[in-house]
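Dear colleague,

I am passing on to you the structure shown below. Please look through it before you read the notes that come after it.

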Amino acid sequence: MNDERLPTLAEAERMLIVEALKRYGGNRRQAARALGISERTLYRKLKEIDEAL
């Protein structure tokens with residue numbers, strides 16, 4: 001069994017959001033579409049990430 005720690009759900013979500021934004025050059029509309037969420041949800045999640053830092 002592999003003893004490596006899995007990322008938490010919050011960490012995995014943050015990594016996916018950051019990767020999507022990189023892939024689409026910061027275009028939030030395209031990133032949200034690729035993630036299967038609304039732009040509004042993406043903005044909310046980005047705000048939550050920012051507040052957690």
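The notes below set out what was found in this structure, which is a predicted model.

I begin with the core. The largest nonpolar core consists of eight residues: Ile17, Ala20, Leu21, Ala31, Ala32, Leu42, Leu46 and Ile49. At least two of its residues come from each of helix H1 (9-23), H2 and helix H3 (39-52). One core member, Ile49, touches Arg14 and Ile17 when neighbours within four places in sequence are set aside.

Next, the packing of two helices. The axes of H2 and H3 approach to within 9 Å and cross at roughly 100°. Because angles of 65 to 115 degrees count as roughly perpendicular, H2 is roughly perpendicular to H3. On the H2 side, the contact is formed by Arg28, Arg29, Ala31, Ala32 and Leu35, and on the H3 side by Glu39, Leu42, Tyr43 and Leu46. Sorted by class, this contact of H2 with H3 has six nonpolar residues, three charged residues and no polar ones.

The two ends of H2 also deserve a note. At the start of this helix (residues 28-35), a side-chain oxygen of Asn27 lies within 3.0 Å of the backbone nitrogen of Arg29. After H2 comes Gly36, with a positive phi near 75°.

Finally, I draw your attention to Lys45, a residue of helix H3. Lys45 counts as buried because its relative accessibility is 15%, and the cut-off for buried is under 20%. Apart from neighbours within four places in sequence, Lys45 is in contact with Glu13, Ile17 and Ile37.

Yours sincerely

Note on methods: Residues numbered from 1 in each chain as written. Predicted model: local features only at pLDDT ≥ 70, side-chain atom pairs only at ≥ 80, totals over all residues. Heavy atoms only, no water. Polar contact = N/O pair within 3.5 Å; in protein donor to acceptor, adjacent residues only side chain to side chain. Helix = DSSP H or I, 4+ residues; strand = E, 2+ residues; numbered from the N terminus. Core = buried A, V, L, I, M, F, W, Y, C linked by side-chain atoms within 4.5 Å. Buried < 20%, exposed > 50% of the residue type's maximum accessible area, 1.4 Å probe, protein only. Contact = heavy atoms within 4.5 Å. Axes fitted to C-alpha atoms, helices over the stretch in contact; angles between N-to-C directions. Parallel < 35°, antiparallel > 145°, perpendicular 65-115°, else oblique. Nonpolar A, V, L, I, M, F, W, Y, C, P; charged D, E, K, R; others polar.
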